[in-house]
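Keep the sequence and the 3D view side by side.

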Amino acid sequence: MKLKSTIILLTVVLFSCQTKTWEEYELTSPTLVHIAPDSLVIEQLVQKWGEEDFQATIDDVIWYHSELMMLVDTLKIDQITTESKNISLIGGEKTWKIATDTLDYKWHYIYFNGNDFIEKDAYTMKEYLLKNN
């Protein structure tokens, strides 16, 4: 019984002492940050939605993503793509920390326009960039 208690105590101490590691990006010019789900989140989405619905959704995601990326290339906007679960964006005087360790965060697009951060899905980000660049 003492061994079991010791193992539980060590496990609690080990996990409570861990701190989040933040991937940090300093943005100095207009930049589009694309946060993609990692393979574990993809696997969870397949289980949650089912294979057929996931495939239909991913087809749409890929199409809207490619449309947005073509526009970003045309506008010569800097791009960052990451699968990191914890990112810190620093732009000018502003810092935005994003923890994406839930299924609520799937595909995110954050645009730094030189002053502010704007977060939208791929479709509305494309519309925003068309109107504002």
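Leaving aside its neighbours within four places in sequence, which residues is T31 in contact with? Some ground rules come before the reply. This is a predicted model, where local features need pLDDT of at least 70 and side-chain atom pairs count only at pLDDT 80 or more, while totals for chains, interfaces and linings use all residues. Residues are numbered from 1 along each chain as its sequence is written, and side-chain values use heavy atoms, with hydrogens and water left out.

With those neighbours set aside, T31 is in contact with I77, D78, Q79, I80, I110, Y111 and F112. Contact here means heavy atoms within 4.5 Å. T31 belongs to strand β2. Strands are DSSP runs of E with at least two residues, helices are runs of H or I with at least four, and both are numbered from the N terminus. T31 counts as buried because its relative accessibility is 4%. The cut-offs are under 20% relative accessible area for buried, over 50% for exposed, and partly exposed in between, with a 1.4 Å probe and protein chains only. The T31 side chain also reaches the backbone oxygen of S29, at 2.7 Å.

Now widen the view to the sheet around β2. Four strands form an open sheet in the order β3-β2-β6-β7, and the pairing is mixed. Two strands pair if DSSP finds at least two bridges between them. The edges are β3 (78-82) and β7 (117-120); each has a single partner strand, so one side of each is left without a neighbour in the sheet. From one strand to the next, the twist averages 20°. Angles run from 0 to 180 degrees between N-to-C directions, and axes are lines fitted to C-alpha atoms, for helices over the stretch in contact.

Inside this sheet, β2 (residues 31-35) and β6 (residues 108-112) pair in the antiparallel sense over five bridges. I35 has H108 in β6 as its bridge partner. Two helices come next. Helix α3 (residues 51-74) lies across β2, β3 and β6, and runs at about 160° to β2. Helix α4 (residues 122-132) packs on the sheet and touches β2, β6 and β7; its direction makes about 135° with that of β7.

There is also an open sheet of three strands, ordered β1-β4-β5, with mixed pairing. Here β1 (23-27) and β5 (94-99) stand at the edges with a single partner strand each, so one side of each lacks a neighbour in the sheet. Its twist averages 15° from one strand to the next. β1 pairs with β4 (residues 86-91) in the parallel sense, over five bridges. L27 stands opposite G91 in β4.

Technical notes:
A polar contact is a pair of N or O atoms within 3.5 Å; within protein, one must be able to donate a hydrogen and the other to accept it, and residues adjacent in sequence count only if both atoms are side-chain atoms.
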